[in-house]
Amino acid sequence: MSTSTVALPAGRFAWIEFLASTDHKRVARRAIAASIGFLLAGGILALVMRTELAQPGMQVVSTQSYNALFTMHGSTMIYLFMTPIALALGLYLVPLQVGAAEIALPRTALAGLVFYIAGGLIMWSGFLTNGGAGRATWIGVDPLSDSINSPGSGMDLWIWGVALANLGFILWGICILATALRKRAPGMTLLRMPIFSWTMVATCLMVVFSFPVLVVAMVLLWFDRRLGGIFVGNDGAVVWQHLFWFYAHPLVYVMFFPFVGAVAETFSTFSRRRFFGYNFFVPSVLLFAALSTSVWGHHMFTTGQVSNQFFALTSTAIVVPAGIEYFDLLGTLWRGKIRFTAPFLFGAGFLIQFLVGGLTGVIVASPPLDYHLNNSYFVVAHFHYTLFAGSAFGMFAGLYYWWPKFTGYLLRDGLGKVHFWILVVGTHLTFFPMFIVGQEGMTRRIADYPADAGWGTLNLIETVGAFLIALAVLVFAVNVLISRRRRIPAGPDPWDGQTLEWATSSPPPRDNFDGPLPPIRSYAPLYDLKEQNA
Amino acid sequence: MVRTDEQFRGVWEVYLPIAAGAFLIVLLTLLFFLWRYRQRRDPARSPSDTVQGHVVEVSYVALLVATVCFLVFWTFLHENRIDGFTGGATGGERAEAAAAPAVSIDVVAARWTWRFEYRGTGVTQLPGAPDEPTELYVPADSTVHFAARSQDVLHDFWVPDVRFQRQVWPDHVERWNLVFDEGRHQGLCAWFCGLRHQTMRVVVIALPPGRFEDWLRRRQARGSRA
């Protein structure tokens, strides 16, 4: 039973509320705001990198600085932006979607936020040290990251930043899982949970299973730097890669699943159909998550230290659950009545763009191909297509879709479409040429490339694209500011939604639902209710 | 003798069309659905109530599984050839014995240069000046054996022209075989190793076997500096 809560007058700021609220909605909103802040910081790093790479020769920064830039760009985007925002969407929405008044373990959720933000600040404080921020890549690969090759406290701060942030994510994973498993409203069996909540369950299963390995690895690395004796001897160096990739492959699916779920919700709503193929989609998501823990060696094909054939097999097998998900997403549009709102456009963009990343993933899952493409810009293009052209578009779909629920007002749809189209052009200009130069022999993590390689023009195009992406993000910021200033009230259900979060006010009250819930007989309870009343 | 670039092309020229084809099918289906089922086309129509299509979906899953089986088969076929010749995990020593190389090169990677020692000849290749690539002379169209070790951090020996790379470790010797076409081939370090990673380069100069022997003899006579 919930203890009594103090209801503050709306809009009045109080320090104790800001620092210590255990309302999952406020914790999630703060996490989303922090994630966007880190997105902007990491994006600025990328713009500096792209400016340097636009032409051969070192024009903007030193190589030393560039190495810190790409380390912090990758680390910020992965550890401090994409993962927390993916989990934060679940923190906000899973309790609502399952009809719960509260998240399970609310103080744990708050602790997760504290660890995440502390971790982010600690990681970035490396820039203030004498030796600069960590510059051993976002992987922190040993032996490059050991005390001989990366001396200085910047690296130690990076290690602690990563460990703390991920500890926070583990706590969030536990809260969300416990909510979905233990706090569903009467009538909501597991197989009546909405698609987004199922993708969050799969996400959090991966978090709880594999993220502890990362925390352990970071602690071991820190001890190795202090006392030595851990990553030593024959096979000492490869142990780091095993530990890290065992965590980091599920990690990249953690950064994908919530957005597939968000896009699935937007497809249902804006096609005015219940989600198609639920009974295939749910098991496929769980299979996907299970398989994700068996593929880590595909990051190690060129080490000569793992069974390439085993990992090629498990990695290629991912085509099956991924293909099922695409079938069901398209099936949801089939014979629908499609409305082209901004969130829907972002969802459609996600669908087709993530596919490029996924298919090129199948390509590099083949060792004969990876023997050439590993660590080249082809791989950089592959993961930017999945993470940016895919997940970030899915993120914008989710943000535009659920923004009215979080805030009570709508984002401007017209500006949203401008944002979408500029982002599409910028994304492809930036990342598609990388497939080409990578295949031609341009390796990654280089501040400069030979002038006679013939890569100058493509790199210049990529840089132009990067600035277009920045422009699109600026349009989004303008949209947020204008929409805040001159509010269009959204009401509880601006999109004609199907799931329980739309059956309460925008934003929801402190304990989520003021009145009785609609009867829950399927995974689209609000749709059922409206159909019944019609 | 297996040419790694030919094996790469054997896989690439099948994978790429399949990927492009799958992409086009999804793109065209999506665009068709967006056009055909848009609300404004027929505002009075009710959206469909069908939420599953078991027969179609099960058939589709069977097709996916068949595709995975084919891709894995195609990959293993070419990978077995490459690994059998180059020496995959733990296969390096067997590969050397089986391949009877024309020359064996001991590779030493250290931040941030490549050093190549021609085993049994006393000849060593180093870069001519800092930040210059090391020239690696090899006999063309012959098996070249590499035994590589790092003196510090991880490095990676990559020659894009032969579509092959292998990580180089500080804690053990990594072995592989390669065959080079006649000509010059750019090589580079493909694992981030710190400050001068981008200038840690190689130029592989593959000469016809007769001319390679001449070069080696002259180098032996002149002493072992580049």
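**A walk through an all-helix chain**

Chain A has 17 helices and zero strands. Keep in mind that what you're looking at is a predicted model. With a radius of gyration of 23 Å, close to the 24 Å that the globule rule gives for 534 residues, chain A is as compact as a globular protein of that length. Its C-alpha atoms fill a box of roughly 70 × 50 × 50 Å along the principal axes.

How much of the chain is tucked away? Buried residues account for 66% of the 534 in chain A. Take the contacts between residues at least 6 apart in sequence, and you'll find that 84% of them join residues at least 24 apart.

Now head for the start of the chain. Leu19(A) sits in helix H1, residues 15-20, and counts as exposed because its relative accessibility is 55%, where the cut-off is over 50%. Phe18(A), at 38%, counts as partly exposed.

Aromatic rings are worth a look too: there are 81 aromatic pairs over all chains. Phe13(A) and Phe18(A) form one of them, with ring centres 5.6 Å apart and planes at 50°, so this pair is tilted. Another tilted pair is Tyr400(A) with Phe476(A), at 5.8 Å centre to centre and 55° between the planes. That one links distant parts of the chain, 76 residues apart: Tyr400(A) is in helix H14 (residues 377-407) and Phe476(A) in helix H16 (residues 456-485). Both Tyr400(A) and Phe476(A) are buried.

Notes
Residues are numbered from 1 along each chain as its sequence is written. Chains are lettered from A and ligands numbered from 1 in the order in which they are written. This is a predicted model: local features need pLDDT of at least 70, side-chain atom pairs count only at pLDDT 80 or more; totals for chains, interfaces and linings use all residues. Side-chain values use heavy atoms; hydrogens and water are left out. Helices (H or I, at least four residues) and strands (E, at least two) are DSSP runs, numbered from the N terminus. Buried means under 20% relative accessible area, exposed over 50%, partly exposed in between (1.4 Å probe, protein chains only). Rings of Phe, Tyr and Trp (its six-membered ring) pair if their centres lie within 6.5 Å; planes under 30 degrees apart count as stacked, over 60 as edge-to-face and the rest as tilted. The radius of gyration is taken over C-alpha atoms; the globule rule is 2.2 Å times the number of residues to the power 0.38. Contact means heavy atoms within 4.5 Å.
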